[in-house]
Amino acid sequence: MLADLHTHSLASDGVLAPAELLARAENNGVNLLALTDHDTMSGVQALQASLASGELQTTVELVPGVEITTMVNGACVHVVGLWLDSAHLGLQRLLNGQRQVRVERAERIAFKLEREGMQGVLEGARRHAGDAVISRPHFARYLVERQYCTNEQQAFRRWLGKSKVGDVACIWPELEEVVATVQSAGGVAVLAHPTKYGLTRTKLDCLVGSFSEAKGDAIELVSGAQQSNVTNDLLKLCERYPVAFSTGSDFHSPAQTWCDLGQQPAMPEAAEPIWTLRQAAA
Ligand SMILES: [Zn+2]
Ligand SMILES: [Zn+2]
């Protein structure tokens with residue numbers, strides 16, 4: 001089973017249309033693909049409609065998913081929801097609220113950057129977002145376009161990343177609420193890329209503990225081109241908790257050469273994959 005349970009499309013901050021993403025996954029030999037855009041399932045719904053009508057055909061099993069931003073102990077943490085019913089009202093309410101937070105955040109980021117002498121920031125970022133949920137990479141693309149920065153990484157390092165001018169505080173929902181909503185929508189809740197928050201080992205242990213206490217289902221054991229020692233450390237740290245495991249490339253763009261769809265390293269055999277539990281339950 002080649003699974004990739006964490007990917008992004010044009011519906012959030014990825015660059016491929018959902019159908020292009022699906023075709024690329026099939027081409028890469030992926031069997032199980034989750035589309036997990038930030039705070040929206042519009043890409044998933046479009047794919048489901050095209051598959052149902054026969055307009056689109058694929059050998060890939062599509063897992064309806066989403067990536068939701070939440071707060072844990074005062075820090076921003078991402079939760080991936082998988083096998084979701086996108087029509088679930090509680091989930092729709094939560095995602096609508098998330099998108100509202102993002103709109104307000106975008107206005108505040110633009111205000112702050114314009115105060116630094118940059119021009120047309122909000123309109124520019126909105127143009128890059130198009131119909132997608134607006135997020136920081138859209139600002140980064142505008143800053144590069146206007147040559148305020150040479151590339152998107154630099155835009156984050158100088159302006160948009162942690163503790164920079166454009167890093168504005170947001171009120172995201174609590175972890176318990178996110179996990180409960182994902183589960184009430186028929187899905188499983190996965191703690192996304194736990195080693196990418198820059199936490200010390202003690203704080204990482206605390207995060208996994210909080211997630212387990214909130215009744216989260218699985219930990220994303222492998223994310224992108226993660227090193228095997230990092231994976232093995234994380235697996236060991238999770239031993240004390242009753243959690244299953246997930247894996248994903250966190251693919252955003254073909255330009256992300258370090259990890260294409262489904263190309264993240266394999267999960268260690270000792271880790272119980274979330275999809276086998278899911279199949280057993282079904
Ligand atoms: Zn994330
Ligand atoms: Zn992601």
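## Second largest pocket

The second largest pocket has a volume of about 220 Å³. Its lining counts 13 residues, and those closest to the pocket centre are Met-1, Thr-247, Ala-266, Met-267 and Trp-275. By class, the lining of this pocket comprises 10 nonpolar residues, two polar and one charged. A pocket is an open set of points on a 1 Å grid over the protein atoms alone, where a 1.4 Å probe fits, with protein on both sides within 12 Å along at least five of seven lines; lining residues have an atom within 4 Å of a point. The volume is the space filled by probe spheres set on the points, which are joined across faces, edges and corners. Ala, Val, Leu, Ile, Met, Phe, Trp, Tyr, Cys and Pro count as nonpolar, Asp, Glu, Lys and Arg as charged, and the others, Gly among them, as polar.

## Basis of the values

This is a predicted model, in which local features need pLDDT of at least 70 and side-chain atom pairs count only at pLDDT 80 or more, while totals for chains, interfaces and linings use all residues. Residues are numbered from 1 along each chain as its sequence is written, chains are lettered from A and ligands numbered from 1 in the order in which they are written, and side-chain values use heavy atoms, with hydrogens and water left out.

## Zinc site

Glu-67 (OE), His-78 (ND1) and His-193 (NE2) coordinate the zinc ion (ligand 1) at 2.1 Å. Donors are N, O and S atoms within 2.8 Å of the metal (3.2 Å for Na, K and Ca); water is not among the atoms, so sites may look incomplete. Along the chain, the donors of the zinc ion (ligand 1) have the spacing E-x10-H-x114-H. Glu-67 also coordinates the zinc ion (ligand 2), which is 3.5 Å from the zinc ion (ligand 1).

Glu-67 in strand β3 and His-193 in the loop between β5 (188–191) and α8 (201–213) are 126 residues apart. Helices (H or I, at least four residues) and strands (E, at least two) are DSSP runs, numbered from the N terminus. Glu-67 is buried at a relative accessible area of 1%, and His-193 is buried at 7%. Buried means under 20% relative accessible area, exposed over 50%, and partly exposed in between (1.4 Å probe, protein chains only).

## Nonpolar cores

The largest nonpolar core has 63 residues, and Leu-5, Leu-82, Ile-219 and Phe-245 have the most contacts inside it. Strand β3 (residues 61–72) gives the largest share of this core, five residues. A second, separate core of 19 residues includes Ala-106, Val-121, Leu-122 and Tyr-142. Such a core is a set of buried Ala, Val, Leu, Ile, Met, Phe, Trp, Tyr and Cys residues joined through side-chain atoms within 4.5 Å.

Arg-102 lies in helix α3 (residues 89–115) and is buried, with a relative accessible area of 5%. Beyond four places in sequence, Arg-102 touches His-38, Asp-39, Thr-69, Val-133, Ile-134, Ser-135 and Trp-172. Contact means heavy atoms within 4.5 Å.

In helix α5 (residues 136–145), seven of the 10 residues are buried. The buried residues of α5 pack against α3, α4 (121–129) and α6 (152–160).

## Positive phi in loops

Asn-73, in the loop between β3 and β4 (75–82), has a positive phi of about 50° and is exposed at 61%. Trp-83, in the loop between β4 and α3, has a positive phi of about 60° but is buried at 14%.
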